[in-house]
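This report goes through side-chain pairings and a few surroundings in one structure. Please look at the sequence and the model first.

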Amino acid sequence: MNIEIKKSIKPINYEDAIRLLEERLLEINSDQKSDLIWILEHQEIYTAGTSYKEEEILNKDIKVIKTNRGGKITYHGPGQLICYFVVDLKKRNRDIRKFITLIEKTIIESLSKFNIKAFGDPKNIGIWTDYKGEINKVAAIGVRVSKWIAYHGFSINISNDLSKYKNIVPCGIKDKGVINLKEIQDQDYKSLDKVIIDTFSKNLEI
């Protein structure tokens, strides 16, 4: 299947990105364009998915943008890899659960290439790692499906400021922490975006 790969060097405004994804959804639905994988970074922003609760905003001074993706509140900012996508599930047996599993598999396989052992959790969406005996989230996933087309995406913490998560209950989970790759293992992650693109593309073809 034909997949367009897009990679932005400069940080992209959150609302502009979502607008582009929604435009692409309509273009895919009318067979004008192909599926999209888009790698980018956002400036500092907090976003709330459709199932968030007000009490999960611990610092009432922060600005939170409500969005139509699934999930709760998360933080985006410099040092975090964002992978957005617009993928036609009509060509993939209209199986949402299988698609979420495919995303989890993509992140886990990609991180394994950097000797990072990560895993999914049936109870808590996202990708986790055991660091010094504590379970921490290293990647967040938020997906919306419209007209059997899946969009939004996932984020992987590379070297972002983890103190920003103290303003919220990240993804509504109180008993687990958040970590980034640099803290787990201080190495060069410059090629992670390419690994994500290659792995995601390969898994989508299966």
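## Salt bridges

There are 13 salt bridges in the structure, a salt bridge being a side-chain nitrogen of Lys or Arg within 4 Å of a carboxyl oxygen of Asp or Glu. The model is predicted, with local features needing pLDDT of at least 70 and side-chain atom pairs counting only at pLDDT 80 or more, while totals for chains, interfaces and linings use all residues. Residues are numbered from 1 along each chain as its sequence is written, and side-chain values use heavy atoms, with hydrogens and water left out.

One of the bridges joins Arg-19 to Asp-16, with the closest N and O atoms 2.8 Å apart. Both residues belong to helix 1 (residues 14-29) and are three residues apart, about one turn of the helix; helices (H or I, at least four residues) and strands (E, at least two) are DSSP runs, numbered from the N terminus. Arg-19 is partly exposed at a relative accessible area of 44%, and Asp-16 is partly exposed at 40%. Here buried means under 20% relative accessible area, exposed over 50%, and partly exposed in between (1.4 Å probe, protein chains only).

Lys-33 and Glu-27 also meet in a salt bridge, at 3.9 Å from N to O. Lys-33 is partly exposed, with 43% relative accessibility, and Glu-27 is partly exposed with 23%. Another bridge runs between Arg-97 and Glu-104, whose closest N and O atoms are 3.7 Å apart; Glu-104 counts as buried because its relative accessibility is 11%.

## Aromatic pairs

The whole structure contains seven aromatic pairs. Rings of Phe, Tyr and Trp (its six-membered ring) pair if their centres lie within 6.5 Å; planes under 30 degrees apart count as stacked, over 60 as edge-to-face and the rest as tilted. Among the pairs is Phe-85 with Phe-99, which is edge-to-face because the planes stand at 85 degrees, with the centres 5.2 Å apart. This pair links distant parts of the chain, as Phe-85 is in strand 6 and Phe-99 is in helix 2, 14 residues apart. Phe-85 and Phe-99 are both buried.

Phe-85 also forms an edge-to-face pair with Phe-200, at 5.7 Å centre to centre and 75 degrees between the planes. Phe-200 is in helix 4 (residues 192-205), 115 residues apart from Phe-85 in strand 6, and this pair too links distant parts of the chain. Phe-200 is buried, as is Phe-85. Ring pairs join Phe-85, Phe-99, Phe-154 and Phe-200 into a cluster.

## Charges over rings

Lys-6 lies over the face of Trp-38, 5.1 Å from the ring centre. Lys-176 lies over the face of Trp-128, 5.9 Å from the ring centre. A charge sits over a ring if NZ of Lys or CZ of Arg is within 6 Å of the ring centre and within 35 degrees of the ring normal.

## Asp-88 and its contacts

Asp-88 is in strand 6 (residues 80-88). Asp-88 counts as buried because its relative accessibility is 3%. Not counting residues up to four places away in sequence, Asp-88 touches Ile-28, Asp-35, Trp-148 and Ile-149, where contact means heavy atoms within 4.5 Å.
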